[in-house]
Amino acid sequence: MVEISRTLALLERLVAFPTVSGEGNAELIGWAAELLREAGFRLRHLPSSQPGKVGLVARAGPQAPGGVWLSAHADVVPVEGQGWTRPPFRLSREGGRVFGRGVTDMKGFLAAALAMAERAGREPLAAPLGLVISYDEEVGCRGIREMLPELAPHLQGARAVIVGEPTQMQVAIGHKGKTALRVTFRGEAGHSAEAPAIRQRDPSRGGLRGRDARASGAAGTGRARRGLWRALFHRACGADRGRAGAQHRARGGVDRDGVPPPRRNPGGGDPRPDRGGGATGGGRARRARAHRDRGDGGLSGACHAAARRRWWAGRGG
């Protein structure tokens, strides 16, 4: 009970410092430094580039690598505009609990670390014991980043660093971290469903090149686009004669099944092979018969993927 009573007394003093993120913490650091100095710790202050903010490194025990370090931040989030029912910067005790800004995150841990430091300072230590107090953690960990260049040499060879963030008393061995990226794209917007070019583009601006560009330039019609896609599809699958037939169709000739360029069916259907319906019994059925006759088992998702890859390679993308 002596230990918890001392921890609560230190926590009451810590909560009374209104160390809101972005504001100064020098008064709290001065108070903690005096307590640690009296406990026999060696101190190093790490002033911030911003006035009124200071980091603190305290160390006890032998001058040797290794040991255990405790890490805490002294800043807290603001209280403005919040419905507090108790004074946020005064410790309140009720029903076996304590209330106040920062008692969990993370002045409670800092109070426990300071109480432990007072006890450890009276004992001979077999390994180093260190305590780091940082600032501006709640606004992007800015304080510890500023402290790291001078702090890193002290932590070399440490056996463990215990960061007292609240984890419901469960040990967490890692942190998800954060990476912020900004990506800028330049080019022509389009949908992947329209990957075969719908119009002739300037090759110097990333357009199609060579045979694919010639095939795509047949008046920009849907027939030319479908012919180009079919050429790429059969090239990816190794069907040479299908490619040649598709190129003829793109130029207004016949497709690989010997069907003339599509025309509207007076009977109301559409004889185009990728539209379905019409007097020929449907485009899907005709394609299925053609694939069955060639023995390739029908259309393949892998072939579609290979055709898309070839198309992008042809663009130089």
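## The second largest cavity

In this predicted model, the second largest cavity has a volume of about 40 Å³, and the structure holds two cavities of 30 Å³ or more. The lining of the second largest cavity is formed by Thr19, Val20, Glu23, Gly24, Asn25, Lys53, Ala74, Asp75, Tyr135 and Asp136, a set that divides into four charged, three polar and three nonpolar residues.

## Nonpolar cores

The largest nonpolar core has 33 residues, and those with the most contacts inside it are Leu36, Phe41, Leu110, Leu114, Leu131 and Ile133. Two or more residues are given to this core by each of α1 (2–15), α2 (26–38), β2 (54–60), β3 (68–73), α3 (107–120) and β6 (129–134), with the largest share, seven residues, coming from α3.

Leaving aside residues up to four places away in sequence, Leu131 touches Leu36, Leu56, Val57, Ala58, Trp69, Leu70, Ala113 and Leu114.

Ser48 is found in the loop between β1 (42–47) and β2. Because its relative accessible area is 13%, which is under 20%, Ser48 counts as buried.

The side chain of Ser48 makes a polar contact with the side chain of Glu146 at 3.1 Å, while a polar atom of the Ser48 side chain also lies 3.0 Å from the backbone nitrogen of Gln50. Not counting residues up to four places away in sequence, Ser48 touches Lys53, Val54, Tyr135 and Glu146; Lys53 and Tyr135 are also among the residues that line the second largest cavity.

Technical notes. Residues are numbered from 1 along each chain as its sequence is written. This is a predicted model: local features need pLDDT of at least 70, side-chain atom pairs count only at pLDDT 80 or more; totals for chains, interfaces and linings use all residues. Side-chain values use heavy atoms; hydrogens and water are left out. On a 1 Å grid over the protein atoms alone, a cavity is a set of points where a 1.4 Å probe fits but cannot get out, and a pocket is an open set with protein on both sides within 12 Å along at least five of seven lines; lining residues have an atom within 4 Å of a point. Grid points are joined across faces, edges and corners, and a volume is the space filled by probe spheres set on the points. Ala, Val, Leu, Ile, Met, Phe, Trp, Tyr, Cys and Pro count as nonpolar, Asp, Glu, Lys and Arg as charged, and the others, Gly among them, as polar. A nonpolar core is a set of buried Ala, Val, Leu, Ile, Met, Phe, Trp, Tyr and Cys residues joined through side-chain atoms within 4.5 Å. Buried means under 20% relative accessible area, exposed over 50%, partly exposed in between (1.4 Å probe, protein chains only). Helices (H or I, at least four residues) and strands (E, at least two) are DSSP runs, numbered from the N terminus. Contact means heavy atoms within 4.5 Å. A polar contact is a pair of N or O atoms within 3.5 Å; within protein, one must be able to donate a hydrogen and the other to accept it, and residues adjacent in sequence count only if both atoms are side-chain atoms.
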